Each structure stands twice: as C-alpha cells, then as structure tokens.
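This report describes part of a protein chain for a reader new to it. The sequence and model come first, then the text.

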Amino acid sequence: VSYYCRFHGVCFTDGRVKRLLRHPRIHEVKAGAGMLDGFEQVEHVSRDIGRIAREFHRLFYTRLRPIDLFLCTIPIFWCRLYERFQKPILGVMDQPLFLFVPAEHRVGWAERYRVLARDHRNLFVSHTSFLQEQLEWQTGVRVPVVRYLALRTARWSYAPVRRGASLVVSMLPYRPYFLPLLRRIQELNAALAEVPLVGLEEVPAWKAGRSDRYRRLAEHRSAVIFPYDVHFIKLLELYSMGVPLFLPADFYMWAFSWTIADPSSLEDSIAHILRAPGPQGEPPLEPPWRHPYPPYCGRRNHWHFDPQACAYWAPHSDLARLPHIEYFSSLPDCLVRLRAESDDAAQRRSQRMRDFQAATTAAAMTFWRRATFALLAGNTSGLLMSDILPLGPAEPVVEGAAAPEVVDG
C-alpha cells in the first residue's frame, strides 16, 4: 500500500492486482508521501471485497493452483481473497480484526472469521497477549501468541561508545515533545546532564537512511522510549540488539491511544451478542467475559481514556511483559536513572535482554516449525490453544519503578 509497502519491499508486482483494486491512491505514491500514505483508501476498497475476492480467484487460479499455503496479515480482512482456493490460510495478526473494515461488513466478517479461525486447516496467530484478549472478546476465538522478534536487527549487538549518549525515541503522534523537556531539566540540574541525550531523528546515520544506521543505534549507552502504541517495531528492534531500555511506568497514558487499542476498530455490540442468550432463550454462543473491562481504554472518537482500564490492560502489552526493562516515574526520575546505571550494570542488563531474545527466538522457531507441518497436513488443532511466548502469566516484569497505582480522584 503506497509508500509503506515500498518501505518494506512487499508491494505487489503483478499489474493485474493494480487493475483489480481499481483505486489509484492504493498503489501510487504522491509527492511528499509519508510512510502511512494511502492507508485511508484501504477501507474504501474493502467495501467491494466480495467482487475483489471473486475476480482475484478468477485471475490467479491457474498461477496459484500449486500454492500449498496462503498468508495474510494487514488488514486481516483481506484473508477473504484466499477463501475460494480451498487451501490452508495462515493469518498473522498485529492489528484489530476490524481495521479497515467498513461498518456494514463487520458483523459478516466477524462471523466469517469465527468459521475460518476454527477450521483446523487454518491457523490465526496474534503477536501480543493484549491482541489475543481483544480477539477473544470480539469473536470468542482464542489464538496463540507468537511475539515479533526483529531478527534482522538482532545481528547488531549492543556496543556503547565511551561516554556515549542515550537515545530518546519519541515517535508520532508525540514527537518531539519529551526530548526538549528532558534537556531543559538537564540545563537546570547540571548533575543530571552527565549523560547527553540525542533524539532518534538526530542520529546522522538514521536521518540519512544509511545501511549502518542500526549499528549506530546500538552504540548508544541506552534508549529512553515514549511508546505511542501497545506494540511497535522500534521497541522490538532496540530490544533485539540489547540496548538497555527505559520506559515510563505509566506508559499506558500514551500507548493505549492509537491503532491496536482504538475502540473505533472494535464493535461492542458484536461482543455483547456473543455472550447474550438467544431470542428463544438459547444459551449464549460464548461464556461470559472474564475481565472487568472490554479490551480498550480510549473513548470512541475522542482523545480521552479511562485510566483504570488502561492500567488494567497495561500488563498484557509487551511494554510490560518483556523482562529487563527499567521504568521511571517522572522525567527527572528518568534522568536520575540514566545517570545511576553504571557501564557494568548496563552491560549485564543488555546480556540478559539478549539471552531472553535468544530463548524466545528458539521457542518461536519451534512453534513455526510445528505450525508449518500442521498447516501442510491440514490439521492445526494441536496449536490453536497454545501460547508459546515464554513470559509466564500476563503480569508486568519490571526493574526499577513499578507502574503506579491508579486511584479515583
């Protein structure tokens, strides 16, 4: 889709797909386009998914007949392109079920997804515990969790330069508010200025898009990350390299305000119908919801959220579940912790991060090996309820400050 697919090298190359979509802004890059440009048109095209799926099958049946397995990701709604081929489908999900799904298609898609996900020929997988809970709330189907690993960046190990700076990662929609505040605090407190700070966009290799940009990121003493979503790749990339990470203890103040936790991509009514008796008194299709809140904390169409609900769901995010991350309670506390961590302590923490990365990579490889054989054999029933992410229960694993208790008033 637009610049995003070119950025990751996953664009369609067959011109028939372009003609099939019948919407130029899906596949053309405008002058000055950003990485997400074109996404707003995906939902428009999705309104015609029935026709697109039929034509896709007609156009590509001969070419794709030898295919043993189909993969779909974002939007997961487009798994419907593959239904007519009668082959196993692997759905790898890192966004809500209804992302880019028009409102009039959501009830039908939820029903269709339930059928696809419970068909033992297919397998649907989530990347975080939070999305796993969200999918179960929305559809009644619980899927395995296999976290993203950032293997391409794991080859660059933490190698801080002497007296190096700490990297500050503050991405959209909050860029660059925190870095100037941290620097101002350093100006007023000389002792806290011993560790220089540099923004991600200020790193020359990153700004220029050089091939050594990740090697240069791994040379920073540590990284302070202000999350903008429940899950995002930059966190996983820095973690895979073993760069010691510092996050705000109340990260949910920002992380639960966009995409994955956006209530506009969810449908309360569908979740309620699944758990309500039928019109003739039939038992509900699914058991009662076991959590006190639905799996979001924002207010629909507003930049408001329920802090109690956000604090409740925070432990289900990798921002809390990944071990060996340190948490700070305020911006001054962040600077104090950056200054207090010795070089030896940072190296030890980095090694523990890389050890965990290696363990979860091995676990994920084992899962995907089993999943591949199961999909090709046409029976994934042994995988549907497994959760291979070796993090234990959905509890925050923290070093340093614990997430503050949220109280009324």
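## Core, helix and strands

In the largest nonpolar core, which has 88 residues, those that touch the most other members are Tyr113, Phe124, Leu238, Leu245 and Phe256. A nonpolar core is a set of buried Ala, Val, Leu, Ile, Met, Phe, Trp, Tyr and Cys residues joined through side-chain atoms within 4.5 Å; buried means under 20% relative accessible area (1.4 Å probe, protein chains only). A second, separate core has 16 residues, including Val224 and Leu338.

The model is predicted: local features need pLDDT of at least 70 and side-chain atom pairs count only at pLDDT 80 or more, while totals for chains, interfaces and linings use all residues. Residues are numbered from 1 along each chain as its sequence is written, and side-chain values use heavy atoms, with hydrogens and water left out.

Helix H12 (residues 233–241) is largely enclosed by the rest of the structure, because eight of its nine residues are buried. Leu235, Leu238 and Tyr239 are among them. Helices (H or I, at least four residues) and strands (E, at least two) are DSSP runs, numbered from the N terminus.

Strand E7 (residues 245–248) points Leu245 and Leu247 one way and Phe246 and Pro248 the other, and all are buried. Its pairings are tabulated here; two strands pair if DSSP finds at least two bridges between them.

| Pair | Sense | Bridges | Bridge partners |
|---|---|---|---|
| E6 (residues 222–226) and E7 | parallel | two bridges | Ala223 and Leu245 |
| E7 and E8 (residues 326–328) | parallel | three bridges | Leu247 and Tyr327 |

Leu245 also touches Leu235, Leu238 and Tyr239, among others (heavy atoms within 4.5 Å).

Technical notes. Buried means under 20% relative accessible area, exposed over 50%, partly exposed in between (1.4 Å probe, protein chains only). Lists of a residue's contacts leave out its neighbours within four places in sequence.
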